[in-house]
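Student: Could you walk me through this model, strands and rings included? I would like the cut-offs along with the answers.

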Amino acid sequence: MNRFRIVALLPVLALLGGCNFVVLHPAGFIAEQQRDLVIISTLLMLVIIIPVMALTVLFAWRYRAANKKANYQPDWDHSTGLELVIWAAPLLIIICLGAITWMGTHLLDPYRRLEKIAANTPVAKDVKPLEVQVVALDWKWLFIYPEQGVATVNELAAPVNRPVHFRITASSVMNSFYIPALAGQIYAMPAMQTQLHAVINHPGNYKGFSANYSGAGFSGMHFRFHGMDDAGFETWVNEAKASGSRLDRAAYMQLERPSENVPVQKFGKVEQGIFDLIRNMCVEPGRMCMSEMMALDAGGGLGLAGIHATLPLPRDYRARVRSGDRVIASICTPDEAEQMASRAPPVAPVRSSTAITGFGLPHPGSIFRRSEPTPRGMQTARPTNS
């Protein structure tokens, strides 16, 4: 019977052997510190959990009905020493957890620039972080390297022991950018930008994915992160530059369309400033950027005149946009405004176009006479056209 139980456990052990405890064996300094936080917090909580579990078994055994030697005290109700232990131990643990959480929140702030790339290795003063712009699409990841002038889809690379600065946004819905071996997850949200500073310390091929459900193609929204030495990273960049593809507005509009299980793509050239256009949701020519719209709102808005600056969206622009939706087109030159107005449907005036004459005043430039009796001693004014 014992042999049968051992054989029955073998499939379970085989399944456990396939587990990858990457969170407990990270390859980046930030992820290592986050792992230490998890371990320290778990050990502090076990300081209470283990004694409670052990005492539960001990009390059940010692004060069982069959044990006649147990000291039975039905009138006992208080022990100062026991009260001190019961309250002091959890209080000390809470204080320790609070201190660790406070320090970790500030030291591991994803927006904070790295001061060290390892426990005893500070960042050299002449080292500049690698800039990587991340865009969460439906359902794929776009990585833009502005300094190198290349972009990739579902593939990311960085040299080891060099700080990396990620700027993260999304095209439509919220996602979560997560490379367990590198650092914790950071949300990617449309029309917003989040940041992450991290470093990879060991070369290798690591998994990255979205940790936030975002629709039908979510299960295929993963990518590979390559940690390389400087020479390997330079070779990787040159391979991307060798691609004849260019990531401009038109290419991004095609890439932005929802698609599942997209293979790795590389762009050898990138239109300058396209990440800011994506973040401001104005890649499509003629659309007003979010930054411009917020600037107008901060200045008091467009008022009624802004009604005439709207244009209908093309029906085939995005499947998720309802036909008939309208957006502010742009703040443009008079010629551009005239062209857009000719394409826009007529808008009924909100107010009457009758000239405003004021309270009791005639139309400007008209000739009039006062009909009221002129007081004695005064003359009637008779203005004429100039």
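Tutor: Let us begin with terms: two strands pair if DSSP finds at least two bridges between them, and strands (E, at least two residues) are DSSP runs numbered from the N terminus. By that rule strand 5 is joined to strand 14 by three bridges, and the two run antiparallel. This is a predicted model, in which local features need pLDDT of at least 70 and side-chain atom pairs count only at pLDDT 80 or more, while totals for chains, interfaces and linings use all residues. Residues are numbered from 1 along each chain as its sequence is written, and side-chain values use heavy atoms, with hydrogens and water left out.

Student: Which residue of strand 14 stands opposite Thr-152?

Tutor: Lys-266 in strand 14 stands opposite Thr-152.

Student: And what is the strand order in the open sheet?

Tutor: The open sheet has six strands in the order 10-7-3-4-5-14, with mixed pairing. Strand 10 (194-198) and strand 14 (265-267) are the edge strands, each pairing on one side only.

Student: What joins strand 4 to strand 5?

Tutor: Four bridges join strand 4 to strand 5 (residues 150-153), and these strands run antiparallel. Tyr-145 stands opposite Val-150 of strand 5, and in the hairpin of strand 4 and strand 5, which has four residues between the strands, Gly-149 takes a positive phi near 75 degrees.

Student: Which way do the residues of strand 5 point, and are they buried or exposed?

Tutor: Val-150 and Thr-152 point one way from strand 5, Ala-151 and Val-153 point the other way, and all are buried. Here buried means under 20% relative accessible area, exposed means over 50%, and partly exposed is in between, with a 1.4 Å probe and protein chains only.

Student: Switching to strand 8, how many of its residues are buried?

Tutor: Five of the five residues of strand 8 (residues 175-179) are buried, so strand 8 is largely enclosed by the rest of the structure. Asn-175, Phe-177 and Ile-179 point one way, whereas Ser-176 and Tyr-178 point the other way.

Student: Which strands does it pair with?

Tutor: Strand 8 is joined to strand 9 (residues 183-188) by four bridges in an antiparallel run, and the two form a hairpin with three residues between them. Within that pairing, Tyr-187 in strand 9 is the bridge partner of Ser-176. Strand 8 also pairs with strand 11 (residues 204-210) in the antiparallel sense over two bridges, where Phe-209 is the bridge partner of Tyr-178.

Student: Now the rings, how many aromatic pairs are there?

Tutor: Rings of Phe, Tyr and Trp (its six-membered ring) pair if their centres lie within 6.5 Å, with planes under 30 degrees apart counted as stacked, over 60 as edge-to-face and the rest as tilted. By this rule the count comes to 13 aromatic pairs. The rings of Phe-59 and Tyr-63 have centres 6.2 Å apart and planes at 65 degrees, so this pair is edge-to-face. Phe-59 is partly exposed at 45% relative accessibility, and Tyr-63 is partly exposed at 46%.

Student: What about Trp-141 and Phe-223?

Tutor: Trp-141 and Phe-223 form an edge-to-face pair, 5.8 Å centre to centre with 65 degrees between the planes. Trp-141 lies in strand 4 (residues 140-145) and Phe-223 in strand 12 (residues 222-228), so the pair ties together parts that are 82 residues apart in sequence. Trp-141 is buried at a relative accessible area of 0%, and Phe-223 is buried at 1%.
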